[in-house]
Amino acid sequence: MRHVGILGGGNISETHARAARELEGVRVVAVHGQNREKAGRLAALCGAAVYDDLDAFLAHRPLELVLVGSPSGLHAEQGIAAARRGLHVLVEKPLDVTPERADALITECDRAGVKLGVFFQDRAAPAVRGLKEFVASGGLGRLLLVSGRVKWYRPPEYYAGSRWRGTWALDGGGALMNQGVHTLDLLLWLLGDVTRVYARAVTALHEIEVEDTVAATLEFACGAVGTLEAATSVYPGYPRRVELTGTEGTVILEGNTLVAADLRTPREGLVRGAAAGSPGATSAVVSDVSGHREILADFLRAIETGGTPMCDGREGRRSVELARALYESSRTGLPVSLGRTA
């Protein structure tokens with residue numbers, strides 16, 4: 001039996017709890033959240049103990065790993081505290097809101113000898129995994145052009161009803177760091193490192209301190225160029241869309257479903273089912289927990305075998321670094337180069 005603790009009491013922590021409850025041999029035993037009422041409801045649902053104090057929560061035994069669903073700007077701080085107690089750490093995206101905080105968490109987990117992973121559930125979607133294998137095998141040939149579009153809508157109450165959403169301190173940004181970070185991770189996973197970016201981020205609709213609308217250009221180490229659009233200002237909201245073009249054709253994802261594969265040489269079995277790994281275009285609630293469940297199952301296997309999680313801390317850091325580079329470009333009005341090489 002694996003004994004799991006949940007840090008956070010909001011919507012995403014409910015998703016984490018549902019994912020854990022769907023796995024055999026996993027039990028949620030403790031919950032900690034700053035909102036006592038929400039944390040209490042979640043703990044009651046799971047038959048778990050509820051804690052107001054973080055140290056008391058981390059001292060609960062038996063407890064082997066924590067699922068961190070607190071505000072993004074607390075991920076590293078709370079993950080470090082868990083690692084120092086010898087607990088494995090699986091964090092909701094993003095890993096944290098700056099590369100420096102991400103590095104501190106990675107270092108502490110390495111020092112403690114515990115696993116660190118990130119819930120980037122798109123990586124678990126069957127169609128996306130099939131596409132990853134296809135691209136890696138050279139099925140698209142030399143990659144030329146990529147487009148990532150996250151044209152979502154969040155109503156005013158999405159931000160007004162939260163103390164942390166839409167803030168630099170705890171959300172780390174807006175449409176890019178919160179919603180668009182899934183697509184940043186996906187592009188990095190599919191195409192490899194980004195070497196230079198140019199971006200414009202604006203607050204076009206909502207009364208928040210961070211951006212709700214972003215347009216950017218990306219240059220990849222593999223030679224491809226691309227565009228990224230991320231927004232919570234686009235009414236009524238549309239499915240996330242990723243288009244990849246190489247010398248051998250074009251493939252298009254909507255959500256996590258492959259909707260087009262126009263190839264010079266058709267490939268049978270490119271799509272191996274589809275899963276709804278990303279939140280809906282208009283909803284902040286994850287209705288399908290299959291992606292989170294698979295990420296958790298993979299993380300547990302990594303603990304059992306000593307292997308590497310599907311998205312470990314170092315992989316999770318990459319999208320944080322890229323997001324911060326895009327923000328820096330928007331702030332300065334200049335292109336920003338990233339330090340990584342192919």
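Student: Where does P236 lie?

Tutor: Keeping in mind that this is a predicted model, P236 lies in the loop that runs between β10 and β11.

Student: Staying with β5, how many of its residues are buried?

Tutor: Five of the five residues of β5 are buried, so the strand is largely enclosed by the rest of the structure.

Student: Which way do they point from β5?

Tutor: H88, L90 and E92 point one way, while V89 and V91 point the other way, and all of these are buried.

Student: Which sheet order is β5 part of?

Tutor: β5 belongs to an open sheet of six strands with parallel pairing, in the order β3-β2-β1-β4-β5-β6. The edge strands are β3 (49-51) and β6 (116-119), each of which pairs on one side only, and the twist from one strand to the next averages 25 degrees.

Student: What joins β5 to β6?

Tutor: Four bridges join β5 to β6, and the two strands run parallel; within this pairing, E92 has F119 of β6 as its bridge partner. As for what packs on this sheet, α10 touches β1 (2-7), β2 (26-32), β4, β5 and β6, and the direction of α10 makes about 160 degrees with that of β5.

Student: And how many bridges join β4 to β5?

Tutor: Strand β4 (residues 65-68) is joined to β5 by four bridges, again with the strands running parallel, and L65 stands opposite H88 in β5.

Student: Going back to α10, at what angle does its axis cross that of α1?

Tutor: The axes of helix α1 (residues 11-21) and helix α10 (residues 290-305) cross at roughly 65 degrees and come within 8 Å, and the crossing in which α1 passes α10 is right-handed. On the α1 side the contact is made by I12, T15, H16, A19 and A20, and on the α10 side by H292, R293 and L296. Sorted by class, the residues in the contact of α1 with α10 are four nonpolar, three polar and one charged.

Student: New topic: what is the strand order in the sheet with eight strands?

Tutor: Those eight strands form an open sheet with mixed pairing, and their order is β13-β12-β11-β7-β10-β9-β8-β14. β13 (257-263) and β14 (336-337) stand at the edges with a single partner strand each, so one side of each is left without a neighbour in the sheet.

Student: Which helix packs on that sheet?

Tutor: Helix α6 (residues 126-136) packs on it, touching β7 (143-151), β11 (241-246), β12 (249-254) and β13, and the direction of α6 makes about 160 degrees with that of β12.

Student: Which residues of α6 are buried?

Tutor: The buried residues of α6 are A127, V128, G130, L131, F134 and V135. They cover an arc of only 160 degrees around the axis, which puts them on the same side of α6. What covers them includes α9 (175-191) together with β7, β11, β12 and β13.

Student: Last one: is A39 buried or exposed?

Tutor: A39, which is found in helix α2 (residues 36-46), has 1% relative accessibility and therefore counts as buried. Leaving aside neighbours within four places in sequence, A39 is in contact with G9, V31, H32, G33 and V50.

Conventions: Residues numbered from 1 in each chain as written. Predicted model: local features only at pLDDT ≥ 70, side-chain atom pairs only at ≥ 80, totals over all residues. Heavy atoms only, no water. Pairing = 2+ DSSP bridges. Contact = heavy atoms within 4.5 Å. Axes fitted to C-alpha atoms, helices over the stretch in contact; angles between N-to-C directions. Left-handed = near helix turned anticlockwise from the far one by under 90°. Nonpolar A, V, L, I, M, F, W, Y, C, P; charged D, E, K, R; others polar. Buried < 20%, exposed > 50% of the residue type's maximum accessible area, 1.4 Å probe, protein only. Arc of directions from axis to C-beta.
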